[in-house]
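Please keep the sequence and the structure in view while reading.

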Amino acid sequence: MNNRVGIIGIGCTGFKPVTPDVSYRELIFEAAKKAYDEAGLHPKEIDSFISATEDFMEGYSIADEYVPDQLGAVLKSVHTVAADFLQALGVGYMMIKTGQFKTIAIEAHSKASNIETLDDVKTFGLDPVYIRPLKESADFIAGLEMRRFLERTGNTEEQCAEVVVKNRKNAMNNPYAGHGADLTVDDVMNSHPISTPLKHLDKAQSSDGAVVCVIAAEDVAKSLSKNPIWIDGIMWYSDNANVWSRCMSEATYIKLAAKKAYEMAKIANPLKDTQFAEVCDEYSYKELQHLEALGIARRGEAGYLTQNGFTALKGDYPVNPSGGSLGTGHSFEASGGMKVFNSVLQLRGQAGKIQIKNANRCIVQIYRGVPTATGAVAVLSNE
Amino acid sequence: MEIKNVPVKGLSSKEIEKVLKTSWDPDLRYRWDNGKAIGRYLAEFKKGKIIARVCDKCGRIMLPPRMFCELCFRPTDRWQYVKDTGVVNTFAVSRVYWNAQRIPPGEKPIIPAVIEIDGAGKGMGILHLLGNVEPEDIKIGMKVRAVWKPENEREGSITDILYFEPIKDSKKANPKRKK
Amino acid sequence: MGLRKVAIVGAGITKFVRRAQETGPELAYQAAKMALDSCELKLKDIDMVTLGTAPDAFDGVHMKGEYLLGGAGGNKKPYIRNYVGGGTGVFAPIHGWMHVASGLCDLCMVVCEEKMSSTHPHPQGAFLTIFDHTTEQPIKPTLIWIFALEMRRYMERYGLKPEDVARVAVKNKKNALDHPSAQIPAELTVEDVVNSEVLADPVHRLDISPASDGAAAIILASEHVAKRITDKPVWIEGVGWNLDTAYWATKDLYYPRYVEKAARMAYDMAGIKEPHKEIQVAEPYDPFDYKELHHMEGLLLCERGEAARLTAEGYTARDGNLPICPSGGALGVGNPIAATGLMKVIEIFLQLRGEAGKRQVPGKPRVGLAQAWGDLMQVGTVIVLKR
Amino acid sequence: MAYNEKIEKNFECTNFPGAIPVNYVYTFGIAGEKFFRTIKDKGTFVASKCPHCNKLYVPPQIYCDECFGTLDQYVDIGIEGEIYSFTECYYDFKGNRYDEPHIMGLIKFDGVEGGIIHRLNVKKEDLKIGTKVVAVFKPAKSRTGSLDDILYFKKK
């Protein structure tokens, strides 16, 4: 078999609450330059480019216009997906699989700090007829879902708080993370409610940063890179578009996506066949919900496992060793990029203080945030 | 298969009044970090100057300035002032405002133009306005110069240039131009 | 291992209208359902869905891809929204092609939707913010300006008169009389166009396509599946897309070099050496009348500067040597951005199958092309179809 | 190093303000029109029905989630449902904090797919998943055909 797809270069600016010294162009250029240097390619030599972005996050009504220059992709085949970086990676994977493309660069970034009215933007994503007229914070959708999820699975608010404590602590040792902190479960439990049972510290704060990644067909990857990271499986799924029509006690979109991604990667048991996972923790309960959907925890057991250190950095199966979105900061479409970047470092053995021993294979998973029910799962390996 | 009947009827402007609707005025405000290149560009506007960035590899003198050369894909090398004069590359005579509202008859049109700035690389144009000129007198290739706001009114924005006006002594300037 | 062949096997389209009562998801549904019915498939047969739609600022929903998902048939499926501004409508089937050609699936539905009437009072408001927020927006530009600037540059370069350009509007609006989806078909004269209201000289009101609501959808299938579904598959033989710099004022607007690049990418893949001879029917994007001429040249369907003359000679008429926009194009059928591009792809699909009815071009064409354009005079998307 | 030059003084960090100046008017759509007209005129909820799959959808939608068939039959489902989930929301849509939280719920109806998200006016002890609730509307005269015609759901 010689038709795998490998990551041969990845660049990341790191994630910080604000980045006032650089424009979005300058931010992206930095990540792109690092990625291309690592891949040993000039952008002129790259076949195609994909960016993952949403208009209102950029403040442009046609945001894809502003993609090419800082990627060195002027007069190249470039397109945009209104999706997370991980989905864009999936599209890149697809493109290489067509046989028409050998190398592809994928970009995502966040300049969330530049949005003065971020709450308004998020509300603007709600259904204009059936939800938005209620004029509530978009986070109340997460509150509804968290309540149902905890109630039906038996996971607890304290266990969600354990996720926050773990992830923000992991982030303290990740130089690319901007929200590291040493918290206690009580700190989280006592933080002000946003929309019960969701509290302030249960929610990832936003951050700025950019990630660019270069992928290549197997033959090219092997010739250009000493340590390519392979995409063994990748798939994205959406649940029902309507908030009111979803099962809130599980992440159906991840169940579906994981099934396909595992099939592609020939994974029978994710706990045995992979050594760690980077999962979406935009809200603390989402990490637990996603662990159950990924089959890493049985239904109702994710909280218990977290509480008992199973998913800690030194635990049996570390989850979000990077610090996740809670520890790194929520970077919107770049969230998947942050996770892929940190996973690549782990699989190459370059993760420094947060390095996991004998990590050969991992799961990366994202979710697009409220009010969506869209997510993606990828399996990456170094062998 | 031949497509003959298609769904969706559409509403007339009267019918739309009768159906149920809801409205929303989103408050979408931003503060974009200028970064190094645009930060300096705007700061120089405040001083009444236009500044470009140079890539020593390809030799392009770039407007608006950027810290990277998008073609060579490397950091640009240095700052360089360019003139506040240029050449009209193309122009339009607009009878509409940005929101498609019509400019009332009798009022002067807005004249947007792409102006290639003297001293910048070939073809390096910026979008700006022409003023102090009758539309029929404008020609592609015409030499123009920036008309700046008074110094104390400048705020570090491209609007610190009010518009570009024809250079009188230029051979290409039309002698019929009215004051 | 050769490339997997991908065919279009079904299509659906709504009427294009100034204002639809249907919501965005309902518009998407109407087109998707019609496409499925056209080839007797059920939604459960479809493996993956890709949706093309232009700015969120039209429908007025942040992350509108997620909002449109249900109507587009994306519930509980791998679903993604692709986006290259105005070029989206032709890019969306290219995105669908990736899904099938990669081997990830055998049946992919491609849906394009736009509901521009949600913007109130007029979509132009959303167009202000396509310009650079810091270096351009402060002078309050509008979309029409950039077309006027480009149109003047193009006309000046080749010494064209307004009448030369207006013929495109006359031809396309007339062609649209035969299209069931058409929003503003009309029998006009060149004088009507050049004497219509000046918006931003040289652009007059009748040079421009309207703002529209509408949706379109197609079904793509892998070779072995396509042959089971239809005896008239239309194959996607070439795809190309290209994006030019966002510093649009730093390039010469007279020629769309990005369209040429996109076309060459598609022609290379399709093995087309002499496009002006081999392409038998084409649907270049015509949001403004001069754009059709501009794009014919960029697509290498004629020499640079020749498109206006060929139009005047009837070469591009429905019964001409190279019919251009036999559908009626954006100028006649309407312009719900992404749906327009897919409408053009559907037109070529129907023309190659000999199922275009009154719009059918003579000569049983075997090879056709659709193209869209978008962003700040930046994007070219090209698809070459063969029977 | 990506650049030769970087900003080194914090007062050189500048930014530029802007906005996207857009306003919207949304139609309720084919199914939404039916739903809100019925609320306005009759003070009850309708669901759309798929005769093929024998499914009901509220709010009504013009397609069936199961078979993707077109739905054009509407059925009165009454105004009684039960709390599927609830939350006390402390912030409004602009991120302003409320003094007292708004209680929001997703209400499901027996034998009907989907549900209605709205305010709850329920005592603390009844605020539970599964509590039976009933919609309270504005007086018929002041109803306009909108989501605000429903005041809230209260305990049955």
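Asp33(B) and Lys111(A) are both buried in this predicted model, and their side chains form a salt bridge in which the closest N and O atoms are 2.7 Å apart. The pair crosses between chains, since Asp33(B) belongs to strand S2 (residues 29-33) of chain B, while Lys111(A) belongs to strand S4 (residues 103-111) of chain A.

**Other salt bridges**

- Over all chains, a search of the whole structure finds 73 salt bridges, and the pairs described here are among them.
- Within chain A, the side chains of Arg348(A) and Glu38(A) meet in a salt bridge with an N to O distance of 2.6 Å; Arg348(A) lies in helix H14 (residues 335-348) and Glu38(A) in helix H1 (residues 24-39), so the pair ties together parts that are 310 residues apart in sequence.
- In chain C, Asp244(C) forms a salt bridge with Lys251(C), the closest N and O atoms lying 3.6 Å apart, and both Asp244(C) and Lys251(C) are buried.
- A network of salt bridges links Glu54(A), Glu333(A) and Arg368(A) of chain A with Asp56(C), Glu66(C) and Arg81(C) of chain C.

**Helices of chain C**

- Helix H7 (residues 162-175) and helix H12 (residues 289-298) of chain C pack with their axes 7 Å apart and at an angle of about 100°, and H7(C) and H12(C) are therefore roughly perpendicular to each other.
- On the H7(C) side, the residues that meet H12(C) are Asp164(C), Val165(C), Ala166(C), Val168(C), Ala169(C), Lys171(C) and Asn172(C), and their counterparts in H12(C) are Asp289(C), Tyr290(C), Glu292(C) and Leu293(C).
- Sorted by class, the contact of H7(C) with H12(C) has 6 nonpolar, 1 polar and 4 charged residues.
- Glu347(C), which is found in helix H15 (residues 337-353) of chain C, is buried with a relative accessible area of 1%.
- Leaving aside residues up to four places away in sequence, Glu347(C) touches His179(C), Glu283(C), Pro326(C), Ser327(C), Ala356(C) and Arg359(C).

**Strands of chain A**

- In strand S8 (residues 229-238) of chain A, 10 of the 10 residues are buried, so S8(A) is largely enclosed by the rest of the structure.
- Strand S1 (residues 5-12) of chain A runs antiparallel to S8(A) and is joined to S8(A) by 2 bridges, with Ile7(A) standing opposite Ile229(A).
- Strand S11 (residues 374-381) of chain A also runs antiparallel to S8(A), here with 8 bridges joining the two, and the bridge partner of Ile234(A) in S11(A) is Ala378(A).

**Sheet of chain D**

- In chain D, 4 strands form an open sheet with mixed pairing, in the order S5-S3-S4-S8.
- Strand S5 (73-76) and strand S8 (113-114) of chain D stand at the edges with a single partner strand each, so one side of each is left without a neighbour in the sheet.
- Strand S4 (residues 55-58) of chain D pairs with S8(D) in the parallel sense over 2 bridges, and Val58(D) stands opposite Gly114(D) in S8(D).

Terms used
Residues numbered from 1 in each chain as written. Chains lettered and ligands numbered in written order. Predicted model: local features only at pLDDT ≥ 70, side-chain atom pairs only at ≥ 80, totals over all residues. Heavy atoms only, no water. Axes fitted to C-alpha atoms, helices over the stretch in contact; angles between N-to-C directions. Parallel < 35°, antiparallel > 145°, perpendicular 65-115°, else oblique. Contact = heavy atoms within 4.5 Å. Nonpolar A, V, L, I, M, F, W, Y, C, P; charged D, E, K, R; others polar. Buried < 20%, exposed > 50% of the residue type's maximum accessible area, 1.4 Å probe, protein only. Salt bridge = Lys/Arg side-chain N within 4 Å of Asp/Glu carboxyl O. Pairing = 2+ DSSP bridges.
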